[in-house]
Amino acid sequence: VQLQASGGGLVQPGGSLRLSCAASGSIFGIRDMGWYRQAPGKERDLVALTTLDGITRYTDSVKGRFTISRDNAKRSLYLQMNDLKPEDTAVYYCNADIRRSGTWGFRTYWGQGTLVTVSS
């Protein structure tokens, strides 16, 4: 099972980016999916989370600017980021609770991270 994140890059303040994360491999099911970020010298923190039922949660600093969504048929997760600020600069990681085919129980998998740099 792998999570592949993409979509990062350099953007000016006020700009937008859309991150994507695709799950692949022998997957029976996916529950919660989320985006985390880690700025230089800081811990990895939750940015946004979405459950299988479509419930979403955001950290306060991104509310109203970021939108998390998922496509269960494509086993994909997205993060639309608008009105980006320099403090949003970080490596963004996706994660998902996945049950592999032929196994019982869910475990958390992480993508490799994609760098978002917000600078003029």
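This is a predicted model: local features need pLDDT of at least 70, side-chain atom pairs count only at pLDDT 80 or more; totals for chains, interfaces and linings use all residues.
The chain holds zero helices and 11 strands. Its radius of gyration is 14 Å, close to the 14 Å that the globule rule gives for 120 residues, so the chain is as compact as a globular protein of that length. Below, we go from the chain as a whole to its core, and then to some individual residues.

**The chain as a whole**

- Read from the N terminus, the order of elements is β-β-β-β-β-β-β-β-β-β-β.
- The C-alpha trace spans about 50 × 25 × 25 Å along its principal axes.
- Buried residues make up 40% of the 120 in the chain.
- Take the contacts between residues at least 6 apart in sequence: 55% of them join residues at least 24 apart.
- The accessible surface amounts to about 6600 Å², and carbon and sulfur atoms account for 47% of that.
- On the charge side, there are 15 positive and 10 negative charges, and their mean positions sit 7 Å apart.

**The largest nonpolar core**

- In soluble globular proteins, nonpolar side chains tend to be buried together.
- Here the largest nonpolar core has 29 residues, and the members touching the most other members are Trp35, Leu79, Met81 and Tyr92.
- Two or more residues come from each of β1 (2–6), β3 (17–24), β4 (27–38), β5 (44–50), β7 (66–71), β8 (76–81), β9 (90–100) and β11 (114–118).
- With five residues, β9 gives the most to this core.
- Beyond four places in sequence, Met81 touches Gly15, Ser16, Leu17, Leu19, Arg65, Phe66, Tyr92 and Val116.

- Val47 has a relative accessible area of 0%, so it counts as buried, the cut-off being under 20%.
- Setting aside residues up to four places away in sequence, Val47 touches Trp35, Tyr36, Arg37, Arg57, Tyr58, Thr59, Val62, Phe66, Leu79 and Tyr92.
- One of these partners, Thr59, is 12 residues from Val47 along the chain, with 5.3 Å between the two C-alpha atoms.
- Leu77 belongs to strand β8, and its relative accessibility of 0% makes this residue buried as well.
- The contacts of Leu77, again without residues up to four places away, are Leu19, Ser20, Cys21, Met33, Gly34, Trp35, Thr50, Ile68, Ser69, Arg70, Cys94 and Asn95.
- Gly34 is 43 residues from Leu77 along the chain, yet their C-alpha atoms are separated by 7.8 Å.
- Ala96 is part of strand β9 and is buried, at 0% relative accessible area.
- Ala96 touches Leu3, Ile30, Asp32, Met33, Arg107, Thr108 and Tyr109, leaving out residues up to four places away in sequence.

**Loop residues with positive phi**

- Most residues other than glycine have a negative phi.
- Arg75 has a phi near 55°, a positive value in a residue that is not glycine.
- The loop between β7 and β8 holds Arg75, which counts as partly exposed at 31% relative accessibility.
- Asp83, also not a glycine, has a positive phi of about 50°.
- You will find Asp83 in the loop between β8 and β9; at 38% relative accessibility, Asp83 counts as partly exposed.

**A proline in a loop**

- Pro13 sits in the loop between β2 (9–11) and β3.
- Is Pro13 buried, exposed or partly exposed? Its relative accessibility is 42%, so Pro13 counts as partly exposed.
- Apart from neighbours within four places in sequence, Pro13 is in contact with Leu84, Pro86, Val118, Ser119 and Ser120.
- Pro13 and Arg44 are 31 residues apart in sequence, and the C-alpha to C-alpha distance between them is 22 Å.

Notes: Residues are numbered from 1 along each chain as its sequence is written. Side-chain values use heavy atoms; hydrogens and water are left out. A nonpolar core is a set of buried Ala, Val, Leu, Ile, Met, Phe, Trp, Tyr and Cys residues joined through side-chain atoms within 4.5 Å. Buried means under 20% relative accessible area, exposed over 50%, partly exposed in between (1.4 Å probe, protein chains only). Helices (H or I, at least four residues) and strands (E, at least two) are DSSP runs, numbered from the N terminus. Contact means heavy atoms within 4.5 Å. The radius of gyration is taken over C-alpha atoms; the globule rule is 2.2 Å times the number of residues to the power 0.38. Accessible areas come from the Shrake-Rupley method with a 1.4 Å probe; for residues, only the protein chains shown count as cover. Lys and Arg count as positive and Asp and Glu as negative; His and the chain ends are not counted. The place of a charge is taken as NZ of Lys, CZ of Arg, CG of Asp or CD of Glu.
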